[in-house]
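Here's a quick briefing to read alongside the model. Have a look at the structure first, then come back for the tour.

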There are 2 protein chains.
Amino acid sequence: MKGNELGIVEPQTFTFAQPPGGLELECKRTLGPITLAYETYGRLNPEKSNVILVVHALSGDAHAAGLHEGETKRGWWDFMIGPGRPLDTDQYFVLCSNVLGGCKGSTGPSSVNPATGRPYGLDFPIITIGDMVRAQKHLIDHLGIRSLLSVIGGSMGGMQVLQWVALYPEMIRSAIPIAATSKHTPQQIAFDEVGRQAIMADPAWNHGDYYGKQEKPEKGLAVARMIGHITYMSDQSMEEKFSRRLKEGDYSFKFSADFEVESYLHYRGDNFVKRFDANSYLYITKAMDYFDLSGDRLIAKADTIRTRFLVIACKSDWLYPSYQSLNMVRQLKGRHVDATYCEIDSTYGHDAFLVPGTKQEQLVSNFLRNLCAKS
Amino acid sequence: MKGNELGIVEPQTFTFAQPPGGLELECKRTLGPITLAYETYGRLNPEKSNVILVVHALSGDAHAAGLHEGETKRGWWDFMIGPGRPLDTDQYFVLCSNVLGGCKGSTGPSSVNPATGRPYGLDFPIITIGDMVRAQKHLIDHLGIRSLLSVIGGSMGGMQVLQWVALYPEMIRSAIPIAATSKHTPQQIAFDEVGRQAIMADPAWNHGDYYGKQEKPEKGLAVARMIGHITYMSDQSMEEKFSRRLKEGDYSFKFSADFEVESYLHYRGDNFVKRFDANSYLYITKAMDYFDLSGDRLIAKADTIRTRFLVIACKSDWLYPSYQSLNMVRQLKGRHVDATYCEIDSTYGHDAFLVPGTKQEQLVSNFLRNLCAKS
């Protein structure tokens, strides 16, 4: 363990919205009880004014940094979180929770439906990014936290960042949406829909009722993940990483994987199905597709917004192209919200926010330092 | 019928490579007999010097223009071919054949294997773009044609154009590759491979043995086509065509298609499976992935190349981006081949070459007129 790495962190859970009652969702149905899995890094100061909420992307989870006891896989944003790192755990109390609808400890379609004693499957209600954020708000309230120094996240995380500001502007001092958009475009919806169709075309999906069965919709989910993975990289990064290199030195003249890029996609697909629930993939992508905070929706309460924005995009991101972040900044500045736009010059594509060594680290670090200096 | 439209055209076939013997393929296997379906438009002049060969893309066929008896669907490049049109049938003899491996009348995996009396399925050999072109050459020879005024095609058609020049430079007066590349990149391979995985994940695919069975791999093929279709359009054209318009005016909070873009993709997928064979999709995409005429391969016989090139790309094409056409032009000019590059300023994306009303029509028309004027 290096000196600025976090050590062992402990997964935690919080359960709320016990029936009768439950959380009212945008679809008008109520859901409860709801459990959110979360992790924290660093120490909450006595004023509870040093909280940074990290919100994750489609396939992310609460394990953003450090190590779980007995495991070797560090959290998905480990390079961003730790002593002396951009989200400096010597100064900030960093919190990350698995989204509602997920499959990593938070309530989702694979959770047991108390009404039936069996996993929800498709009885789980359609959720939205707004529902995810309202659920997170319960966790924040439970921890006695009244304001967030920052909310930060990439991709779908960035959508949650915007949703936090739209719903609770008065409690957000700063917001850092990365590689995000204020609404899903038809191309983004199309990619999600094809992924969903791939899952639902798998007979093992069985209308969402596959829990406890021997066959799971692994082939469909793998195809969905492979499609996603192409969109997370750039043409250039794929060229740099794989070019046309062959696995065996020559064409096989069979339908097996000839090219390294094909093996890589298979590997990514196969790996994903071991760790992710197909129904969660359906629900979370649907939530993303429903997301639309364009126009005045993001800043309906503009008069009360003191939130400062740092909007980060990656030049080679073609899934959430930088023009969409620029539109977001225009939307904000048009309502006199303090917003700074920065573009990362990486070739890595959409996933650049998950990769160390870009300008992102310094941008976030400086932004937070300035924010604290001004208070 | 307008004055410059073709009327009824007659599908034709040519069969060659009768066993024993057959056509030797790049995979070292021989295949025969081979039938190619083709159509012709206009009249062959006595010198047989007015032949333009049109080569089609992945899902295309020999029916490039005009109408079949009793049908209403005009050929896929009807706006390019006809009296007074860019491929002017008052002057040129235009020929188009369905590729080897296809499913529209030419020999492919759905054809009967004479060795077994049953459809080939996966016993069909892996073919290459080179094999497709060598098969076309047999048809051209059969018609007594010694030289081609032009070979023209978009996407995989453009690859065949390059392959024609690489194999038979002395007989090609001009070449017009559109929206093409001199080698498939890892991103292009990746999209193809995900489409293949979607087909092969469908249990009805049954290792390619589904002919005559009740269940066909329609779901898998539909997913493959939907993926493809996203790549054929541009972010901007999808925004212009669909934006976030909903089918029913409000969110359904179900997994049905909420957005018009989703319905459109379903429609495209469902339509495709009625007219295309899943195994042909596998074989043809594999041929594209194997395609590599980069470096000196395209112009190995540079000294004998008198072929004039018109290379056309579309600015908004992100599947075969214009830089790839530019690389092709650099490759050619580096060997002192006469090559002109033109970029179409359409927002339509890759499929712009299939859409009337772009600069493509005038570019092709003028290029051919100049070519004939110089002879």
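## A first stop, then the whole picture

B:Tyr323 counts as exposed, because it has 12 C-beta neighbours inside 10 Å (20 or more other C-beta atoms within 10 Å of its own makes a residue buried, 12 or fewer exposed, and anything in between partly exposed, with C-beta atoms placed from the backbone). You'll find B:Tyr323 in helix α8 (residues 322-333) of chain B.

As for labels, residues are numbered from 1 along each chain as its sequence is written, while chains are lettered from A and ligands numbered from 1 in the order in which they are written.

**How confident is the prediction?**

- Chain A has an average pLDDT of 96, and 98% of its residues score at least 70 (pLDDT is the predictor's confidence in each residue, from 0 to 100).
- For the model, ipTM comes out at 0.96 and pTM at 0.97.

**Chain A overall**

- Chain A has 9 helices and 14 strands (these are DSSP runs numbered from the N terminus, with helices being H or I of at least four residues and strands being E of at least two).
- The radius of gyration of chain A is 20 Å, close to the 21 Å that the globule rule gives for 375 residues, so chain A is as compact as a globular protein of that length (the radius is taken over C-alpha atoms, and the rule is 2.2 Å times the number of residues to the power 0.38).
- Along its principal axes, the C-alpha trace of chain A spans about 65 × 50 × 45 Å.
- Of the 375 residues in chain A, 57% count as buried.
- Take the contacts in chain A between residues at least 6 apart in sequence: 71% of them join residues at least 24 apart (two residues are in contact if their C-beta atoms, placed from the backbone, lie within 7 Å).

**Two domains in chain A**

- Chain A is assigned domain 1 (12-185 + 292-374) and domain 2 (188-286), with bounds that come from an automatic or database domain assignment.
- The centres of domain 1 and domain 2 of chain A, taken over C-alpha atoms, are 26 Å apart.
- Where these domains touch, domain 1 of chain A puts in 25 residues and domain 2 of chain A puts in 21 residues.
- On the domain 1 side of that contact in chain A, there are 12 nonpolar, 12 polar and 1 charged residues (Ala, Val, Leu, Ile, Met, Phe, Trp, Tyr, Cys and Pro count as nonpolar, Asp, Glu, Lys and Arg as charged, and the others, Gly among them, as polar).

**How the two chains meet**

- Between the chains, 43 residues of chain A are in contact with 43 residues of chain B.
- On the chain A side, the elements giving two or more residues are α3 (186-200), α4 (218-232), α5 (235-241), α6 (260-275) and α7 (278-290).
- α3(A) gives the most to that side, with 10 residues.
- By class, the side of chain A that touches chain B has 26 nonpolar, 5 polar and 12 charged residues.
- The copies meet through the same surface, because 100% of the interface residues of chain A are also interface residues in chain B.

**Spots worth a look**

- B:Val273 sits in helix α6 (residues 260-275) of chain B, and counts as partly exposed because it has 19 C-beta neighbours inside 10 Å.
- Leaving aside neighbours within four places in sequence, B:Val273 is in contact with B:Glu218, B:Leu221 and B:Ala222.
- A cis peptide bond joins A:Pro19 and A:Pro20, with omega about -5°; A:Pro20 lies in the loop between β1 (12-16) and β2 (23-24) of chain A.
- A:Lys48 isn't a glycine, yet has a positive phi of about 55°; its place is in the loop between β4 (34-41) and β5 (51-54) of chain A.

Note on methods:
This is a predicted model: local features need pLDDT of at least 70, side-chain atom pairs count only at pLDDT 80 or more; totals for chains, interfaces and linings use all residues.
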